[in-house]
Amino acid sequence: MSSKIRIGIDTPDAWDAEWARWFERYSRGIPRLGMWLTRAYATSGCDLLELGAGSGRESRFLAPYARSVTCVDFSAGAMEALRASSPPPNLRALTMDALHLEFPDRAFDLTFHKGFWSCFGDDVQVARLFSEQLRVTRRTMLALVHNGANAAFHAMFQAKAETDKLYQVRFFKPDELLELAHEGLAKAGVRGSVRLHGFGGVDWMHQGLGARFPASVQGSLAALAYRLRPLRVAESLVLEVTPDPHKKK
Ligand SMILES: C[S@@+](CC[C@H](N)C(=O)[O-])C[C@H]1O[C@@H](n2cnc3c(N)ncnc32)[C@H](O)[C@@H]1O
């Protein structure tokens with residue numbers, strides 16, 4: 001099944017070209033993920049890692065709420081643009097392939113990414129990305145992927161993908177993600193908890209009057225709203241894996 005998934009942009013050079021066009025505009029967007037993470041995952045005092053970070057918009061927002069933030073992307077253009085944009089002093093931007101992370105085991109408290117696994121049509125590569133992320137995670141790893149249970153959102157992407165390569169991405173079904181996580185934990189010989197949440201899809205807390213609330217209030221409202229509404233209307237599925245360091249299988 002995975003070999004049939006068409007991915008539109010899949011090399012560092014191609015991503016360099018995309019980021020040369022979109023970096024500034026994307027950076028100015030609302031850091032919805034950052035706001036939600038600070039409220040839902042208590043980031044203060046943590047070392048964070050964002051994979052496939054691109055513009056680094058979410059990490060830039062998170063830096064004041066964390067001990068350190070590391071952005072990784074294989075697009076040297078994006079990482080150079082991020083370093084040149086006067087990021088907070090505790091944010092570093094590194095050009096690196098997420099399939100081969102140059103960090104020691106359990107180097108980060110919280111690791112995350114959004115829209116990153118959706119760039120991989122090959123299950124073997126996604127499994128390798130899972131293993132590498134798990135290896136460097138001390139407390140919790142999160143993967144936010146395009147929600148294959150949201151039929152309307154998926155159809156919109158499929159229509160746009162006919163003419164725009166940016167929309168040629170992979171959507172994941174909830175069961176597929178759960179299987180991936182359980183297989184990944186088993187392969188690593190690690191016990192841990194696996195949960196699925198939804199992210200996005202109801203965004204009133206960031207728009208209109210909502211946008212006037214402080215970021216902390218917007219993040220808390222998002223955490224509440226995402227918990228209450230069904231998974232099938234979420235924009236992204238959030239795979240949350242919490243390895244138990246004391247329990248090997
Ligand atoms: C859809 S974009 C994610 C954008 C980012 N989350 C943001 O909000 O700006 C996917 C990103 O993954 C990066 N990427 C793709 N394959 C990669 C790999 N093997 N290692 C590191 N980064 C990769 C791309 O360069 C691109 O910036």
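Mentor: The model is predicted, so local features need pLDDT of at least 70 and side-chain atom pairs count only at pLDDT 80 or more, while totals for chains, interfaces and linings use all residues. Residue numbers start from 1 along each chain as its sequence is written.

Valine 233 sits in the loop between H8 and strand E8 (236-248). Helices (H or I, at least four residues) and strands (E, at least two) are DSSP runs, numbered from the N terminus. Apart from neighbours within four places in sequence, valine 233 is in contact with Asn150 and Gly201; a contact means C-beta atoms, placed from the backbone, within 7 Å. Alanine 151 is 82 residues away from valine 233 in sequence, yet their C-alpha atoms are 8.5 Å apart.

Valine 202 touches Ala225 and Arg229, residues up to four places away not being counted. Its C-alpha atom is 22 Å from that of valine 169, 33 residues apart along the chain. Threonine 11 belongs to the segment before H1 and, with 10 C-beta neighbours inside 10 Å, counts as exposed.

Two loop residues have a positive phi without being glycine. Serine 86, with phi near 50°, lies in the loop between H4 and strand E3 (91-95); its 8 C-beta neighbours inside 10 Å make it exposed. Alanine 42 has a phi of about 40° and is placed in the loop between H2 and strand E1 (47-51). With 13 other C-beta atoms within 10 Å, alanine 42 is partly exposed.

Helix H2 (residues 32-40), which alanine 42 follows, is mostly covered, with eight of its nine residues buried. These are Arg32, Leu33, Gly34, Met35, Trp36, Leu37, Thr38 and Ala40. They pack against helix H3 (57-62), strand E4 (108-112), strand E7 (190-199) and helix H8 (215-228).

Leucine 48, leaving out residues up to four places away, touches Thr43, Leu62, Ala66, Ser68, Val69, Phe108, Asp109 and Leu110.

Next, the contact between two helices. The axes of H1 and helix H4 (residues 76-83) come within 7 Å and cross at roughly 35°. Here axes are lines fitted to C-alpha atoms, for helices over the stretch in contact, and angles run from 0 to 180 degrees between N-to-C directions. From H1 the contact takes Pro12, Trp15, Asp16, Trp19, Ala20 and Phe23, and from H4 it takes Ala76, Gly77, Ala78 and Ala81. By type, these residues are eight nonpolar, one polar and one charged. In that count Ala, Val, Leu, Ile, Met, Phe, Trp, Tyr, Cys and Pro are nonpolar, Asp, Glu, Lys and Arg charged, and the others, Gly among them, polar.

Trp15 is also one of the residues that come nearest to the ligand, with Gly52, Gly54, Phe74 and Ala98, out of 20 around it. Helix H1 (12-27), H3 and strand E2 (68-73) each give two or more residues to this shell. A residue is near a molecule if its C-beta atom, placed from the backbone, lies within 6 Å of it. The shell divides into 10 nonpolar, five polar and five charged residues.

As for the whole chain, it has eight helices and eight strands, and 40% of its 249 residues count as buried. Residues 24 or more positions apart account for 73% of its contacts with a separation of 6 or more.

Note on methods:
A residue is buried if 20 or more other C-beta atoms lie within 10 Å of its own, exposed if 12 or fewer, and partly exposed in between; C-beta atoms are placed from the backbone. Two residues are in contact if their C-beta atoms, placed from the backbone, lie within 7 Å.
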